[in-house]
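Morning, everyone. Let me walk you through one structure, starting with how its copies relate and ending with the sheets and helices.

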Number of protein chains: 2
Amino acid sequence: MVNWFKEIENGEIEYGYAFQNKLFEDQSKFQDIKVIDTLAYGKMLILDDFVMLTESDEFVYHELIAHIPVCFHKNPEKVVVIGGGDGGTVRELVKHDCVKEVVLCEIDGMVVDVCKKFFPAVAGRLDHPKVDVKVGDGMDYVRGLENEVDLMIIDSTDPVGPGEGLFTGEFYQSVSKALKPDGMMAAQSESPWAEAEFLNRIHNNIRTGFDYVRPYIASVPTYPRGLWSWTLGSHSPIDVDQFDYERFAKVEPELNYLSDAMVRACFELPKFYRKKLSVLNQ
Amino acid sequence: MVNWFKEIENGEIEYGYAFQNKLFEDQSKFQDIKVIDTLAYGKMLILDDFVMLTESDEFVYHELIAHIPVCFHKNPEKVVVIGGGDGGTVRELVKHDCVKEVVLCEIDGMVVDVCKKFFPAVAGRLDHPKVDVKVGDGMDYVRGLENEVDLMIIDSTDPVGPGEGLFTGEFYQSVSKALKPDGMMAAQSESPWAEAEFLNRIHNNIRTGFDYVRPYIASVPTYPRGLWSWTLGSHSPIDVDQFDYERFAKVEPELNYLSDAMVRACFELPKFYRKKLSVLNQ
């Protein structure tokens, strides 16, 4: 007997996944949390009926949100991840010797517990000695930081529900203040195929905290429309040639999406996306 | 009142699209043909319950299958398109002055008629003086050609139903024979996220007709898993530097996906895809 989980986007598009068993469902203080074993993608984590990750394709999202900023920053010793309670971003970050300390601040402790239990290959490095997991409000946590973080990674859900505040201009300004002067930020920034107004709201908010922003893209089949974006923020220009290919070479053999050539390719943006984003046309 | 059309992949994944009206449905000699007006993507052409194209994103597929091979070939005067009855590939081909003659061979005349009626922005150049539309079996047509075509474009449906024969080794061998010695071929070659066995069957069949094959990729949100591939076939090595950027520059202002940088990027393949394809690992 096969069941179907269906994610609905805007009442217009439905993404359905056949699964055998619901392995977990509970309501945390913040959201509904489900784990199902899909036929197509293996185990899937679902928050408030939106797909967060699957065993088969999570590597793309986590490689892109972690290794790109780590290899752009000059020396990212202290890294803070906001959200990302599944642990996939942390797993990628601790592969780098230059990263000495990772703080993860996730609002929903149940996400962390569920991922440790059902997704050990994703969450397994949350216990790494370099990692400090804090359960709490990322916005509050970031507000308390000043000039002390090298790299901040905003690994949030969509801008509805508990993730909403992580897309505001106020939040990006506090991220900017938390960073050292040569600090950098990377945030997930939704699908390039989404409405221009929605994408511009996100990017214009990032721009209130950062003079330089640079989006990059990759294919994530279980995210709406199959193409995803992340955006770097910095106080100095972000030139693709700054990327530290030597640092990257040490982790590259373990990766499944990114190669040297794919790093360059993910910064090349389709024309329809470049035209949409006002931050790229100023 | 909103209705839903649902495309099902392997009984495992469902892609649903809300629509207002079914504008057309009929059974041709070969397949079921539907046209609906979706909320998310505008009008959509559906063959045997698989999405063929939508008004909103067809530009990606057609830019990639047409301009890439045209700009790789030294002088593509005579181009043959097999399949492609919607006319989108032809629309892109006739933009090039160097292309003097385009023959389209589509097995299903009803597809051509339906697209002329419901998708004039796609099919509108099928009446162009450089274009000759033949309704008939592409395999038979190609078998009758020898050493006379510069560029052959295989713009087929999936390898089930009427498109099945267009993925066999025998077919690619007859494509090879139809081409002049310096001829080239481009074929749609399914999603990089599909099963390795399926992708290898396609590429190994192409290899029986061509010594050199080179896949390239782009994001198509209404195709399964959101990432698509096409493959060039040639009798001589295919070097990205051969691409004729001057020829491309004349059409580039009209395009919505490809820029010079995106041409280079679409030949960079994610590691998971490179590892799957045995033709890339020989």
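**Two chains, one axis**

Some housekeeping. This is a predicted model: local features need pLDDT of at least 70, side-chain atom pairs count only at pLDDT 80 or more, and totals for chains, interfaces and linings use all residues. Residues are numbered from 1 along each chain as its sequence is written, while chains are lettered from A and ligands numbered from 1 in the order in which they are written.

**Where the chains touch**

For the classes, Ala, Val, Leu, Ile, Met, Phe, Trp, Tyr, Cys and Pro count as nonpolar, Asp, Glu, Lys and Arg as charged, and the others, Gly among them, as polar.

β2(A) pairs with strand β2 (residues 13–27) of chain B, antiparallel, over five bridges. Two strands pair if DSSP finds at least two bridges between them. For Glu14(A), the bridge partner in β2(B) is Gly16(B).

**Two domains in chain A**

Next, inside one chain. Chain A splits into domain 1 (3–54) and domain 2 (58–280). Those bounds come from an automatic or database domain assignment. The C-alpha centres of domain 1 and domain 2 of chain A lie 23 Å apart.

The contact between them takes 21 residues from domain 1 of chain A and 19 residues from domain 2 of chain A. On the domain 1 side, β2, β3 (32–38), β4 (42–47) and β5 (50–54) of chain A each supply at least two residues. That side of domain 1 of chain A has 14 nonpolar, three polar and four charged residues.

**The sheet in chain A**

On to the sheet. Seven strands of chain A form an open sheet, in the order β8-β7-β6-β9-β10-β12-β11, with mixed pairing. Which strands are at the edges? β8 (131–135) and β11 (212–219) of chain A, and each pairs on one side only. From one strand to the next, the twist averages 15°. Axes are lines fitted to C-alpha atoms, for helices over the stretch in contact, and angles run from 0 to 180 degrees between N-to-C directions.

Strand β6 (residues 78–83) and strand β9 (residues 149–155) of chain A are parallel, paired over five bridges. Val79(A) has Leu151(A) as its bridge partner in β9(A). α6(A) packs on the sheet and touches β9 and β10 (179–188) of chain A. The direction of α6(A) makes about 140° with that of β10(A).

**Two helices that cross**

α6(A) has a helix partner too. The axes of helix α6 (residues 169–178) and helix α7 (residues 196–209) of chain A come within 7 Å and cross at roughly 35°. Is the crossing of α6(A) and α7(A) left-handed or right-handed? The crossing is right-handed. A crossing is left-handed if the near helix is turned anticlockwise from the far one by less than a right angle, and right-handed if clockwise.

Who makes the contact? From α6(A), Gly169(A), Tyr172(A), Gln173(A), Val175(A) and Ser176(A); from α7(A), Asn205(A), Ile206(A), Thr208(A) and Gly209(A). By class, that is three nonpolar, six polar and no charged residues.

**A look at chain B**

One last stop. In chain B, Val80(B) stands opposite Met152(B) in β9(B). Helix α7 (residues 196–209) of chain B packs on the sheet, touching β10 (179–188), β11 and β12 (227–234) of chain B. The direction of α7(B) makes about 15° with that of β12(B).

How values were computed
Helix = DSSP H or I, 4+ residues; strand = E, 2+ residues; numbered from the N terminus. Contact = placed C-beta atoms within 7 Å.
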